[in-house]
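I opened my notebook to get to know a new structure. Here is what I looked up, entry by entry.

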Amino acid sequence: MEKTAEQVLQEALTAWDWNALVVGAVRYGAGHINDTFCVYTQTDNGDCVRYILQRINTNTFRDPDALMENISGVTGYLRKIIEKNGGDPMRETMNVIPTREGKSYYADSDGGAWRVYTFVEDTVCLQKVETPEQFYESAYAFGNFQRLLADYPADTLHETIANFHNTVWRYENFEKALAADACGRAKEVQAEIDFVKAHKDDCAVMVNLLKEGRLPLRVTHNDTKLNNILMDKASGKGICVIDLDTVMPGLAANDYGDSIRFGANDCAEDERDLTKVNFSLPLFETYTEGFLAAAGDALTDLEKDTLVWGAKLMTLECGIRFLTDYLEGDHYFKVHREGHNLDRCRTQFKLVSDMESHWDEMKAIVKKHS
Ligand code: ADP
Ligand code: GN1
Ligand code: MG
């Protein structure tokens, strides 16, 4: 008989030696891809110790061995730098806890892959920017993450998702989904389809600069939204960059841009009332300042000049991905209501339009802080 989700979770829990009594495991966080649980344990002396247990989405990440090799490599490298700089590696980078068998993940009897991380306590994970200072700190932390990995041997990294930020490929994938129209939804979203088509040439801008050898590939995070960083409760500093599944060679502007997409506004990614979805130039400036303060010295002039394109294209790309998933029947991103991916797509396209209206001001802000 097929196992229930609860039975598979219980099976996964037996794969680790917790050195304590497992009290329970509850769903945790607001990620769109993996299944995350918080495991509560009680040690012999009565202390409560928490862990993060995740079922890796193996539809998205098809090779868990390669994925975990990347994460172990990157976190091991960061750990050494953090130690050398007198930091606390247990709080300032992810720590993978091996299974009883000494493996970095557990393959369950249902085909799932599970991993455990140390829970970084006394931190907050924000779904929305509350104060400009927080956004500055997240910018500094993501910029610093990129700087710390500047000399990481990029050729040892596996490409965990092919073409992840290849915007030309994303466009073509959208065209395929539209042609197939598997759920008959295309007729409802003509305005969004027209929006994507009108931006076809934009999709090639950064891809072409990379092809021509004018932009360098760096080791980047590739999923730099605000909820992929843990901020220290006491100091407010962005102390731990998490969600390292997509660390791969990429463009600096994309790490910058994905943060702008998610954080330089005052709304949720899935806000339904588009009058509340507005790009914020002041928050854009705050992030730009923090990111360039941390990573600016390492960037070429063209990388800095094209940061604005990173912002616009990461937002456009994410909107295209949400729309593609909507057309294909919501298989990729977790959805929690009817039309959820379409709502997400609409916020992204509204933000792209706003950026277009503020293009010259955005460029001037980047120049000012370069
Ligand atoms: P997804 O790929 O689904 O976004 P994440 O790795 O980002 O998964 O984890 C989902 C959420 O779990 C995060 O946004 C954060 O709230 C929480 N989280 C993940 N790792 C840790 C950790 N080591 N300590 C504390 N919270 C964590
Ligand atoms: C996903 O995993 P999560 O929720 O941090 C997605 C990102 C998107 C983001 C949109 C592996 O990020 O690329 O930008 O949703 N991650 C993957 O919110 O596809
Ligand atoms: Mg995440």
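Before anything else, I noted that helices (H or I, at least four residues) and strands (E, at least two) are DSSP runs, numbered from the N terminus. I am working with a predicted model, in which local features need pLDDT of at least 70 and side-chain atom pairs count only at pLDDT 80 or more, while totals for chains, interfaces and linings use all residues. Residues are numbered from 1 along each chain as its sequence is written, chains are lettered from A and ligands numbered from 1 in the order in which they are written, and side-chain values use heavy atoms, with hydrogens and water left out.

**Entry: the domains**

I found the protein chain divided into domain 1 (5-121) and domain 2 (132-369), with bounds from an automatic or database domain assignment. Their centres, taken over C-alpha atoms, are 27 Å apart. I see 25 residues of domain 1 in contact with 28 of domain 2 (contact means heavy atoms within 4.5 Å).

**Entry: ligand 2**

Which helix gives the most to the shell around ligand 2? Helix α11 (residues 307-328) does, with 3 residues. In total 18 residues surround ligand 2, and His32, Lys225, Glu269, Arg321 and Tyr332 are the closest (a residue is near a molecule if one of its heavy atoms lies within 4 Å of it). I sorted the shell into 8 nonpolar, 4 polar and 6 charged residues; Asp, Glu, Lys and Arg count as charged, Ala, Val, Leu, Ile, Met, Phe, Trp, Tyr, Cys and Pro as nonpolar, and the others, Gly among them, as polar.

An oxygen atom of ligand 2 is 2.6 Å from an N or O atom in the side chain of Glu269. The protein buries 97% of the 440 Å² that ligand 2 exposes when taken alone (areas by the Shrake-Rupley method with a 1.4 Å probe). Both domain 1 and domain 2 give residues to this shell, so ligand 2 lies between them.

**Entry: ligand 1**

I counted 19 residues around ligand 1, with Asn34, Gln54, Asn227, Asn228 and Asp243 the closest. A backbone N or O atom of Asn227 lies 2.9 Å from an oxygen atom of ligand 1. The protein covers 96% of the 550 Å² of accessible area that ligand 1 has on its own. Ligand 1 also lies between domain 1 and domain 2, because both give residues to its shell.

**Entry: Glu285**

Is Glu285 buried or exposed? I have it as buried, because its relative accessibility is 19% and buried means under 20% (exposed is over 50%, partly exposed in between; 1.4 Å probe, protein chains only). Glu285 is in helix α9 (residues 281-295).

Definitions and conventions:
A polar contact is a pair of N or O atoms within 3.5 Å; within protein, one must be able to donate a hydrogen and the other to accept it, and residues adjacent in sequence count only if both atoms are side-chain atoms.
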